[in-house]
Amino acid sequence: MSIASNLEALKLETEAVGVQLVAVSKTKSNSEIMEAYAAGQRVFGENHVQELVEKAEALPKDIQWHMIGHLQTNKVKYIAPFINLIASVDSLKLLKEINKHALKSGRVIDCLLQVYIAEEDTKFGFDHAELIELLRDEEFIALKNVRICGLMGIASNTDNEKVIKAEFYELKMLFDGIKASFFRKEDYFKILSMGMSSDYKIAIQEGSNMVRIGSTIFGKRVIKHYKNND
């Protein structure tokens with residue numbers, strides 16, 4: 001199937017239940033992204049800053065770019081002027097750096113807090129206690145150029161659907177609790193980003209309203225190596 005037909009099928013599935021589709025375009029060529037663009041896709045997710053900056057410069061300016069990979073503080077300055085959403089915030093230090101460069105750019109940058117939910121050591125994110133501690137931290141509360149719009153989580157890389165389902169369920173319960181305790185009056189705190197090509201159907205069942213899908217749209221990815229990757 002073509003990129004356009006893959007997207008059409010996915011949009012039928014996600015739009016019907018109010019789920020935003022982020023096309024994960026890491027390692028994909030500009031021509032492949034433009035195929036998705038021509039099919040109506042406008043939201044794309046990238047993992048590496050260098051690749052993201054190059055694509056943002058070359059591709060249509062109405063594309064909404066999401067940073068979905070681990071972000072180092074020394075790379076924030078390169079994406080702060082244009083990024084639509086940083087979905088992988090995993091420390092107060094990073095938030096402070098985003099806030100600093102957002103202020104320089106005269107912007108408020110939307111962010112998701114990444115929560116560690118997997119049963120493996122390769123994922124980044126806050127645990128539950130660290131998340132509560134952050135949201136009560138006076139340094140965090142003082143940041144005016146970042147806007148926390150929700151939570152993001154990556155499930156364990158396993159074929160055990162019960163494990164994946166339990167991890168997504170736990171994150172949805174945490175999201176609901178955080179919303180009620182810290183963002184009850186803020187309409188912008190509304191994104192629960194969980195689910196990728198392998199597990200997005202389970203994620204949607206468990207309450208996700210943003211999925212990050214690459215291979216189901218573009219096919220299996222080709223590994224590229226970028227100097228000074230995140």
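Reader: What should I keep in mind about the model?

Author: It is predicted, with local features needing pLDDT of at least 70 and side-chain atom pairs counting only at pLDDT 80 or more, while totals for chains, interfaces and linings use all residues. Residues are numbered from 1 along each chain as its sequence is written, and side-chain values use heavy atoms, leaving out hydrogens and water.

Reader: Which strands does strand 1 join through bridges?

Author: Strands are DSSP runs of E, at least two residues, and helices are runs of H or I, at least four, numbered from the N terminus. Two strands pair if DSSP finds at least two bridges between them. Here, strand 1 runs parallel to strand 8 (residues 210-213), with four bridges, and parallel to strand 2 (residues 43-46), with two. Gln20 has Met210 as its bridge partner in strand 8, and Ala23 stands opposite Phe44 in strand 2.

Reader: Where does Lys26 lie?

Author: Lys26 sits in the loop between strand 1 (20-24) and helix 2 (30-38). An unreviewed UniProt entry lists Lys26 for "modified residue: N6-(pyridoxal phosphate)lysine"; such annotations may be inferred rather than shown by experiment.

Reader: Which residues touch the most other members of the largest nonpolar core?

Author: A nonpolar core joins buried Ala, Val, Leu, Ile, Met, Phe, Trp, Tyr and Cys residues through side-chain atoms within 4.5 Å; buried means under 20% relative accessible area (1.4 Å probe, protein chains only). In the largest core, of 62 residues, they are Ile86, Leu95, Leu113 and Leu151. Helix 8 (residues 161-182) gives the largest share, six residues. Another core, of 12 residues, lies apart and includes Val24.

Technical notes: Buried < 20%, exposed > 50% of the residue type's maximum accessible area, 1.4 Å probe, protein only.
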